[in-house]
Amino acid sequence: MRRIVGRLIRVFACSVLLSAGVTQVVHAESTGVAVANETVPTLCAEEDNVYVTLAGDDIRSFRIGARHPAYVGTIVSDDSAADFSNCDRSAEQFFEFDTRRVTLYEDRSIWLIGYVYERYWRDKDVPVRVGDTVVHNLHMIQLWVQGPRGPEEFLVLYPPDGYWRLRPLSPAHLKGTAYGSSVLLGPVETKVRPIVEISAVRFDPEARRFDLTFDRGGSASVTVDQVAEEGVFLDVDFGDSPVSGVFGGVRSMYVTPGNADASEVGWHVGGAQAWEIEPLSAFTSARDVRELWVGRHIVSRHNTSAPDTVFGDFERGR
């Protein structure tokens, strides 16, 4: 329903522009995107070796979500501990900082908390604004919600490199669930690793919306549309600055199907009557993708409860 309302608003906006004598018409239409697998092999369970990209022309908006894996109801023992066996960390470089925790916003239903880590791989200041308050040099911000069984953290953003992580509210039989895959939203570029260069973040608590500006120009609004046990969903809108090229991606880890945060890829192309699903290690690429799923059907010993990632509702337009 909200997507339909959004389209009606855009049509209304176009009519207003025309009545005012403005010749530029903004419109959006459903489209498919190109998906490619740039995953590389690894033996290290703490390395983001999985990289599935989404690319298109003049992408204006899309929807992204996180859902519990299909086997979540069978989980008895959840393992989210770090496993650095078979990991070579000798080449890692970090900057050092004075740790800090700051409450950016709080009411009875949501909280936004910011953190500065002791060590981080990038030294970049992305100011985060909430109302009249601006906080600098944060490495991570967490969004919490008052759930049916108490407060739960369901979304994080790392402003210095543009990584997001999502997770649904926990099912009743688990005290909490793990994060797993990360996602990139915006014009993606590679600087040591794939990143999105954000120049500023603004959070609107009433709308539950993050407004981003990018170093390369353009902006995006990321609105929290649903927070539930059934899933967490965000609506991403680039407004009047659509993105061409790689506009999104999934970063994750895969060693074996039983030791992975993501081990399969599923997709639905325009006009098709069924989904296609392949092991992550076998998937190469697909075109005209209307819906994408990156997740697991095999229980993993690493981040066992981490969610699957889904994309859809791709629209293009100028």
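Here are legends for a few views of a predicted model.

**View 1. The whole protein chain.** This predicted model takes local features at pLDDT of at least 70 and side-chain atom pairs at pLDDT 80 or more, while totals for chains, interfaces and linings use all residues. Numbering starts from 1 along each chain as its sequence is written, and side-chain values use heavy atoms, with hydrogens and water left out. The protein chain has one helix and 26 strands (DSSP runs: H or I of at least four residues for helices, E of at least two for strands, numbered from the N terminus). Its radius of gyration is 20 Å, close to the 20 Å from the globule rule for 318 residues, so the chain is as compact as a globular protein of that length (C-alpha atoms; the rule is 2.2 Å times the number of residues to the power 0.38).

**View 2. Surface and charges of the protein chain.** The accessible surface is about 15,100 Å², with 50% of that belonging to carbon and sulfur atoms (Shrake-Rupley, 1.4 Å probe). There are 32 positive and 44 negative side chains, and the centres of the two sets sit 3 Å apart (Lys and Arg versus Asp and Glu, leaving out His and chain ends; placed at NZ of Lys, CZ of Arg, CG of Asp or CD of Glu).

View 3. Ser-263 sits in the loop between strand S22 (259-260) and strand S23 (264-269). Ser-263 is buried, at 4% relative accessible area (buried is under 20%, with a 1.4 Å probe and protein chains only). Beyond its neighbours within four places in sequence, Ser-263 is in contact with Tyr-254, Pro-257, Pro-279, Leu-280, Gly-295 and Arg-296 (heavy atoms within 4.5 Å).

Notes:
Buried < 20%, exposed > 50% of the residue type's maximum accessible area, 1.4 Å probe, protein only.
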